[in-house]
Amino acid sequence: MNHKSKNKFISQWQLQAMIWPSIILMILFAYIPMFGIIIVFQNYSPLDGFTGSEFVGFQNFQAFLGDKDFYNVLFNTLGISLVKLLVGFPAEIILALLINELRVGMFKKFAQTVSYLPHFLSWVILGGMVISWLSAAGLMNNILMSLHIVSQPIEFLSDPNNYWGIATLSDIWKEVGWGTILYLAAMSGIDPTLYEAAKVDGAGKIRRIWHITLPGISQIVVLMLVLRVSGVLGSNFEQGLVLQNSLNMPRSEVLDLFVYHLGLGNGDFSYAAAIGLFTSVVSVILLLLANLATRKINKASIF
């Protein structure tokens with residue numbers, strides 16, 4: 001640290017001190033617990049602890065890489081995440097564009113509030129609503145039967161083939177409004193004179209959106225896309241825990257649930273930790289690859 005930087009640091013010590021509690025908490029609860037990664041190389045037992053448990057090397061990694069159930073779970077995780085990405089990511093941008101085009105202030109605020117609200121409700125509440133609506137005597141079956149589309153109630157959540165669609169649509173319902181916040185903030189920073197000039201030149205609403213709005217939020221789109229790609233191995237643990245049942249488990253069991261069932265359900269802590277570490281490493285690799293790809297294609301990246 002040079003003399004100028006040192007003086008600046010000292011003169012701003014009050015501001016610097018505000019971040020110290022966060023740094024201390026991060027060290028205590030994020031970095032120090034990393035020592036626990038050692039259990040992935042052990043046959044860990046809580047009774048024996050870190051020092052007394054048998055060291056087994058890469059045996060846990062070999063075990064899950066040779067487990068056929070792991071590949072089914074990995075397939076479910078990637079499938080659900082990619083469907084959510086392909087459907088949910090454009091939905092956030094489209095909804096943000098629609099809200100941005102609203103000109104009646106009160107209605108715009110109402111639309112934003114209604115779209116944000118599900119985000120603040122837990123999956124216990126929303127999942128219960130979904131389960132109730134999709135049950136044999138639920139709202140969806142009542143509508144379908146009253147319209148004579150079906151003659152018998154459909155057991156939506158009992159059929160594994162329906163789960164991916166239900167998980168995707170319910171996740172969009174919960175998060176699509178919240179996902180528009182950054183896009184709307186970016187749109188508010190676009191110079192209004194660009195729209196006025198384009199309108200004078202005869203550009204319609206669609207052309208103004210395509211040539212002004214979308215380029216204006218391209219940096220935010222790239223940022224969110226990179227972050228979403230890096231998280232494809234996470235398929236919303238809370239959602240799966242609520243919507244999963246014994247009948248749809250072949251298509252609802254994802255990596256987060258698999259680790260949860262193995263670690264807390266079966267007490268196989270080392271095996272579950274090895275899968276968790278594998279997931280984290282792959283997620284970091286995907287983050288780097290997605291960032292590199294966007295830098296090459298769009299000349300934009302997050303780092």
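This is a predicted model: local features need pLDDT of at least 70, side-chain atom pairs count only at pLDDT 80 or more; totals for chains, interfaces and linings use all residues.

Tutor: Residues are numbered from 1 along each chain as its sequence is written, and side-chain values use heavy atoms, with hydrogens and water left out.

The largest pocket holds about 460 Å³ of space. A pocket here is an open set of points on a 1 Å grid over the protein atoms alone, where a 1.4 Å probe fits, with protein on both sides within 12 Å along at least five of seven lines; lining residues have an atom within 4 Å of a point. Grid points are joined across faces, edges and corners, and the volume is the space filled by probe spheres set on the points.

Lining the largest pocket are 20 residues, and those nearest its centre are Lys 84, Glu 92, Asp 171, Glu 175 and Arg 228. Two or more lining residues come from each of helix H5 (68-100), helix H9 (160-175) and helix H13 (218-230); helices are DSSP runs (H or I, at least four residues), numbered from the N terminus. H5 supplies the largest share, five residues. By class, the lining of the largest pocket comprises eight nonpolar, seven polar and five charged residues, where Ala, Val, Leu, Ile, Met, Phe, Trp, Tyr, Cys and Pro count as nonpolar, Asp, Glu, Lys and Arg as charged, and the others, Gly among them, as polar.
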